[in-house]
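Q: I am new to this structure and would like to learn how to read it. Could we go through it together, one feature at a time?

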Amino acid sequence: MLPVSTKDVIRFTPILDQIALLGKLQAQAETDEQRAAFADLIAKAQGEADATPQPVYLLAVPSYLQRAAWRRDVRAAGAMYPGDAELFRALRDDLRACAPANLDELLAVVDEAETASIGDVDPEAVERLGEIDRIARALGRRYAALEGDREFFLSVSPIIAARHFLLGWEGVKTADGTDASFERRGGLTTDETLQHLGERELRSVGAKIIGLMRVGKDQEKNFVSPSQSHDGRKPSPTETKLLTEANGTSSESGTGGTPGIC
């Protein structure tokens, strides 16, 4: 069931959506340190919102038939979304193929990360999984190919969503400060129109539209801010770099030594 009527037009301001999300995460925080960190992020975002006029995007709520048309165009673009189970399976297969001396240890790390929730998994196992992920990606086998498929889907599908369901905007400016023109042709927002938006803004608009469509849960959780990893969902073997770019943050961090594989 769609979250709102398909007759509605949603007025969307990305930074206000981000502030609302941060507020929810702050309310769910378990420690004073976490709450203070979210308070800092909220204050920073609110300061940005107050200092600069924010554009408003007018979004259609897709009907079932329109959702099908979006999925068709996403598939026609060659974008497919491999789920976490498929990625974990490919990761195990690649590890077995290169047969490191500590294979059993590495497979145990992968098993723990797949089956445990964020709150239960050993933080060291999460860090090791990130190291295994980077090395497996560098091997260029099936796991790397599936990660590439996922990244392509996450890059392309929001653009296609904006092409289908972005109906207009208010306050979008060109580089010289004039109002950006908006045009739809043949029932779609033109690529020339979308080029007025930066990548971060375009991804944010597209991700909001996809959220309105209520796509499959496995995909939907990857379109929202990665800060929602605090919600207890199972950790994915993939990094969330592409997802955090939509909100202007980064999930990458330095790690210690690397596990001995291949």
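Q: Leaving out residues up to four places away in sequence, which residues does Asp 149 touch?
A: Start with the idea of a contact, which means heavy atoms within 4.5 Å. By that rule, Asp 149 touches Met 80 and Pro 82. Before going further, note that this is a predicted model, in which local features need pLDDT of at least 70 and side-chain atom pairs count only at pLDDT 80 or more, while totals for chains, interfaces and linings use all residues. Residues are numbered from 1 along each chain as its sequence is written, and side-chain values use heavy atoms, with hydrogens and water left out.

Q: Where is Asp 149 found?
A: Helices and strands here are DSSP runs (H or I of at least four residues for helices, E of at least two for strands), numbered from the N terminus. Asp 149 sits in helix α7. Tyr 81 is 68 residues from Asp 149 in sequence, yet the two C-alpha atoms are 6.4 Å apart in space.

Q: Is Asp 149 buried, partly exposed or exposed?
A: Relative accessible area decides this: buried means under 20%, exposed over 50%, and partly exposed in between, with a 1.4 Å probe and protein chains only. Asp 149 counts as partly exposed because its relative accessibility is 31%.

Q: How many helices and strands does the chain have?
A: The chain has 11 helices and 5 strands. Of its 262 residues, 43% count as buried. Among contacts between residues at least 6 apart in sequence, 74% join residues at least 24 apart.

Q: Which residues have the most contacts inside the largest nonpolar core?
A: A nonpolar core is a set of buried Ala, Val, Leu, Ile, Met, Phe, Trp, Tyr and Cys residues joined through side-chain atoms within 4.5 Å. The largest one here has 29 residues, and Tyr 57, Leu 59, Trp 70 and Leu 166 have the most contacts inside it. Two or more residues of this core come from each of β1 (9–12), β2 (56–60), α3 (64–76), α7 (142–165), β3 (166–170) and α9 (199–213). Helix α7 gives the largest share, 7 residues. There is also a second, separate core of 16 residues, including Phe 88, Leu 91, Leu 129 and Tyr 143.

Q: At what angle do α4 and α5 pack?
A: Two packed helices are described by the angle between their axes and the distance between the axes. The axes are lines fitted to C-alpha atoms, for helices over the stretch in contact, and angles run from 0 to 180 degrees between N-to-C directions. Helix α4 (residues 84–98) and helix α5 (residues 103–115) pack at about 175 degrees, with axes 10 Å apart. Angles under 35 degrees count as roughly parallel, over 145 as roughly antiparallel, 65 to 115 as roughly perpendicular and the rest as oblique. The pair α4 and α5 is therefore roughly antiparallel.

Q: Which residues of α4 and α7 meet?
A: From α4 come Asp 84, Glu 86, Leu 87, Ala 90, Leu 91 and Asp 94, which meet Arg 142, Tyr 143, Ala 144, Leu 146, Glu 147 and Arg 150 of α7. For classes, Ala, Val, Leu, Ile, Met, Phe, Trp, Tyr, Cys and Pro count as nonpolar, Asp, Glu, Lys and Arg as charged, and the others, Gly among them, as polar. This contact has 6 nonpolar, no polar and 6 charged residues. The two helices pack at about 155 degrees, with axes 8 Å apart, and are therefore roughly antiparallel.

Q: Is Val 110 buried or exposed?
A: Val 110, in helix α5, is buried because its relative accessibility is 0%. Apart from neighbours within four places in sequence, Val 110 is in contact with Phe 88, Leu 91, Arg 92, Leu 95 and Leu 129.

Q: What is the phi of Ala 99?
A: Phi of Ala 99 is near 45 degrees, a positive value in a residue other than glycine. Ala 99 lies in the loop between α4 and α5, and counts as exposed because its relative accessibility is 53%.
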